[in-house]
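Trainee: Could you walk me through reading a few features here, starting with the aromatic rings?

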Amino acid sequence: MIFTLVLLLIGALLLLVIGINVIQQHKAKIDAEKRSELARQRAIIDETDEVLSNIGLIPVSSHMLLILYYRIQKALETATQLTPKSHTEYERRSLDLNQHIQTLKSAPQPFPPIEEFQLPEQDKQVLVLVQMLKKMKAILKSEHHKGKVDPQLFTLEENHIDNLQLRINVDAMLSRAKAAYYIKQFGSAKQMITKALSTLHTIKAQTPNDPFIIQKVDEAKAMLKDIMGEQTSQTKTTQEEADIDVLFQPKKKW
């Protein structure tokens, strides 16, 4: 009888230990999932903040700003739920964000004309701008797929970003063409300028009176004219050298 009771007691203890272990594992799993989700929300906040910190480099609509603000707001709400003991920081940030949102909603900014865009002069700022536009476009697509952006607005904002990226690409192509021209790689320079002109004509069809496009078209045509002149001169010089070589080569005896 005592032996049976001992076995029952041991069995009960084993079940208790197993039960406690299962509960601890389940709790550890939940804690790990919470930490992972919290890290994801913080990454969303940091990524969006990085875009906002450089937003002054481009003309941007209040719609795009609201998309970014709402994205942070949602991440803050989720982070607050995941960390109830230290939610003060998130609540404070959320209150500040709400003020910005209400200000924008009460006085919305019209969709900015792309003609206002000026490419930064420093290469470092251009690189920051390229990275920012790439992240902004990814955020816009992500929020659209979640159903948080109206399809018509999504199209307008995506086209706006695409046009800005095209302008940056055009400027980069012209810069590479200049570099190729200076080292007398006229074929490469001509190819780059032709590609830039093709892109410029595509943009010009959308914004025909854009000063930036008019300036870049004139710049590209002037460079192309110089290259054609250099190529013609180079061909003429090569032909003259060939004629001289023929003139002074040894006479054949027949």
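Mentor: Ring pairs join Tyr181, Tyr182 and Phe186 into a cluster; rings of Phe, Tyr and Trp (its six-membered ring) pair if their centres lie within 6.5 Å. Across the whole structure, the search turns up 2 aromatic pairs. Bear in mind that this is a predicted model, where local features need pLDDT of at least 70, side-chain atom pairs count only at pLDDT 80 or more, and totals for chains, interfaces and linings use all residues. Residues are numbered from 1 along each chain as its sequence is written, and side-chain values use heavy atoms, leaving out hydrogens and water.

Trainee: How do the axes of α4 and α5 cross?

Mentor: Helices are DSSP runs (H or I, at least four residues), numbered from the N terminus, and axes are lines fitted to C-alpha atoms over the stretch in contact, with angles from 0 to 180 degrees between N-to-C directions. Here α4 (residues 123–145) and α5 (residues 151–182) have axes that come within 10 Å and cross at roughly 160 degrees. So α4 is roughly antiparallel to α5 (angles over 145 degrees count as that).

Trainee: Which residues meet there?

Mentor: Contact means heavy atoms within 4.5 Å. Among them, Val126, Leu129 and Leu133 in α4 meet α5 residues including Phe154, Ile161 and Ile168.

Trainee: Is Thr78 buried or exposed?

Mentor: Buried means under 20% relative accessible area, exposed over 50% and partly exposed in between (1.4 Å probe, protein chains only). Thr78 has 18%, so Thr78 is buried. Thr78 sits in helix α2 (residues 62–82) and touches Glu37 and Gln41, leaving aside residues up to four places away in sequence.

Terms used:
Helix = DSSP H or I, 4+ residues; strand = E, 2+ residues; numbered from the N terminus. Parallel < 35°, antiparallel > 145°, perpendicular 65-115°, else oblique. Phe/Tyr/Trp six-rings, centres within 6.5 Å; stacked < 30°, edge-to-face > 60°.
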